[in-house]
Amino acid sequence: MFMTLDDDAELDSQPRTIEGAAASDALPSLEERVLRLRSVLADSGERTSPSDWGNFGNDWGQGGGFDKKTYFEKNT
Amino acid sequence: MSANVVQLRLRESTSSTAAKTFETAPAGPIELLIIQATPFCNINCRYCYLPDRSNKARISMETLAALARRVSDAGFLLAETLPVSWHAGEPTCLPVSFYERAFETLRCGVDARTRIRHTIQTNATLLSDVWLAFIEREEINLGLSLDGPAFLHDRSRVRRSGEPTHARVMSAVSRLQERGIPFGVIAVVTRETIGHPDAFYDFFAEHAIPRVAMNVEEVELHHAFSSMSTSTVDAYRAFLNRLFYRSLRDRSVQFRELTGVHGMVASDSNMPHRFSQLMRPFGVVSCDHIGNISSFSPELLGAKSDRYDDFTVGNVHRDSFSEMLQTRAMQAMLNDIQRGVDRCQRECHYFKLCGGGTPANKVFENGCFDTTETVYCRHSRMTVIDAALEQLERSVAARAGA
């Protein structure tokens, strides 16, 4: 299940961490950010397997069409 | 040493004598077999890199049979599914009857336990009803090249006469949708595109096109200048932020770039899967219309290089894949690619999420594989990761605060 933003969530110019603090308060590494996001998604039961998202195509195609039909019917 | 393994012995750049042995690099399995049915293309996109696109030659059934036999004989290259992409020229310039024979030739040549999945990436200007019926019957994965609304698309994607192509492509989109044939879109993003994120998003949303991948205009082969440069990185980040924000909010359009990073975060993978294909020998295999084989990226086919024997590691009429693995060109490419990846690992803090970039872009932009950052990776890796993580974090924060 692809996560969604609330309709009223605003796109302001201030980067946020996942706790909602301004990014300038702390600058976690990319790896830390991934791990924190992963943890939040795991807690909410929102996990995917590589076969779900796997190969959505590379620079030369391969991503559209029948192989992903079921996934997109389910998720769009 | 088994046939599918290459032992890399690399010299440390800081020492002329010390040698360092890296982990062995397993070859294959083929995750993408790109076949050039013809180098010819009926249109003349401003950013096209193909050097030979007026050449009307086509691949012969003998070459396809030899390719299938070589792939099958090298069992280490075969997985349960063999994805075949018809590319590097406009595939639909050849008639459906050609592909009926070609598909059958490949099917007969490849081990019966392997399922072949065909993909066609097309400019969609020649998709007749006969073609649509064939795509439906064979369940071909279809990718359309469509750069967004007409005012963006027609700047670059024009006929040889200079006439625009957008209307023809949209006619094909309508007919595909009427028949319920699924397709994805690759949109080339130029300096013009990034000034219009909402028009870009609205176009795909309004035309019910939910799958979009974005290829940033690149410097490659005969396309020596790109409108995208280090000066467009910040604007591209703002463009992606807006697209990803809207995608996460209304889900009308899903972008390969956001989906890849989301998948990486939500699973235990270190990087989007497609990133790792490009650094493994024969993870991606390209076969041109006369049977020449290259690896790592189809853009390397047709490129010139003394050091790497024009990036060609063999020909299916002459060489087995095991022999190709041991050629001077393959060894030199692997050696230098690994050096470049090693440098990325030492120098770039995106490495764990990227894996070392795309070798072809390093060659075309920096002149050799043994380098690190490119304009391509600034846009297509770093900026994508930055924007996707930022928007995913916002979405989580918004939900937590709801």
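Predicted model: local features only at pLDDT ≥ 70, side-chain atom pairs only at ≥ 80, totals over all residues.
**Entry 1: overall build**

I started with the whole chain. Chain B holds 14 helices and 14 strands. I looked up its extent next. Along the principal axes, its C-alpha atoms fill a box of roughly 55 × 50 × 40 Å. I then checked the radius of gyration. A compact globule of 402 residues would have a value near 21 Å, and chain B has 21 Å, so the two agree.

I also looked at burial. Of the 402 residues in chain B, 52% are buried. Then I turned to contacts between residues at least 6 apart in sequence. In chain B, 69% of these join residues at least 24 apart.

**Entry 2: the sheet**

I traced the strand order. An open sheet of 10 strands runs β11-β10-β9-β8-β7-β6-β5-β12-β13-β14 in chain B. Its pairing is mixed. Which strands stand at the edges? They are β11 (254-255) and β14 (314-315) of chain B. Each has a single partner strand, so one side of each is left without a neighbour in the sheet.

A reminder to myself: strands of a sheet pair through backbone hydrogen bonds, either parallel or antiparallel.

Strand β13 (residues 292-295) of chain B is joined to β14(B) by 2 bridges. The two strands run antiparallel. I picked out one pair of residues here: B:Asn292 stands opposite B:Asn315 in β14(B).

**Entry 3: a helix pair**

I moved on to α6 (residues 197-206) and α7 (residues 233-250) of chain B. These helices pack at an angle of about 35 degrees. Their axes are 9 Å apart. The crossing of α6(B) past α7(B) is right-handed.

Which residues meet at this contact? From α6(B) I listed B:Pro197, B:Asp198 and B:Tyr201. From α7(B) I listed B:Phe239, B:Arg242, B:Leu243 and B:Arg246. I sorted the residues of this contact by type: 4 are nonpolar, none are polar and 3 are charged.

**Entry 4: a proline in a loop**

My last stop was B:Pro210. This residue is found in the loop between α6 and β10 (211-216) of chain B. Is B:Pro210 buried or exposed? I counted 21 other C-beta atoms within 10 Å of B:Pro210. The cut-off for a buried residue is 20 or more, so B:Pro210 is buried.

I also checked its distance to B:Val185. B:Pro210 and B:Val185 are 25 residues apart along the chain. Their C-alpha atoms are separated by 8.7 Å.

Notes:
Residues numbered from 1 in each chain as written. Chains lettered and ligands numbered in written order. Pairing = 2+ DSSP bridges. Helix = DSSP H or I, 4+ residues; strand = E, 2+ residues; numbered from the N terminus. Rg over C-alpha atoms; globule rule 2.2 N^0.38 Å. Buried ≥ 20, exposed ≤ 12 C-beta atoms within 10 Å, placed from the backbone. Contact = placed C-beta atoms within 7 Å. Axes fitted to C-alpha atoms, helices over the stretch in contact; angles between N-to-C directions. Left-handed = near helix turned anticlockwise from the far one by under 90°. Nonpolar A, V, L, I, M, F, W, Y, C, P; charged D, E, K, R; others polar.
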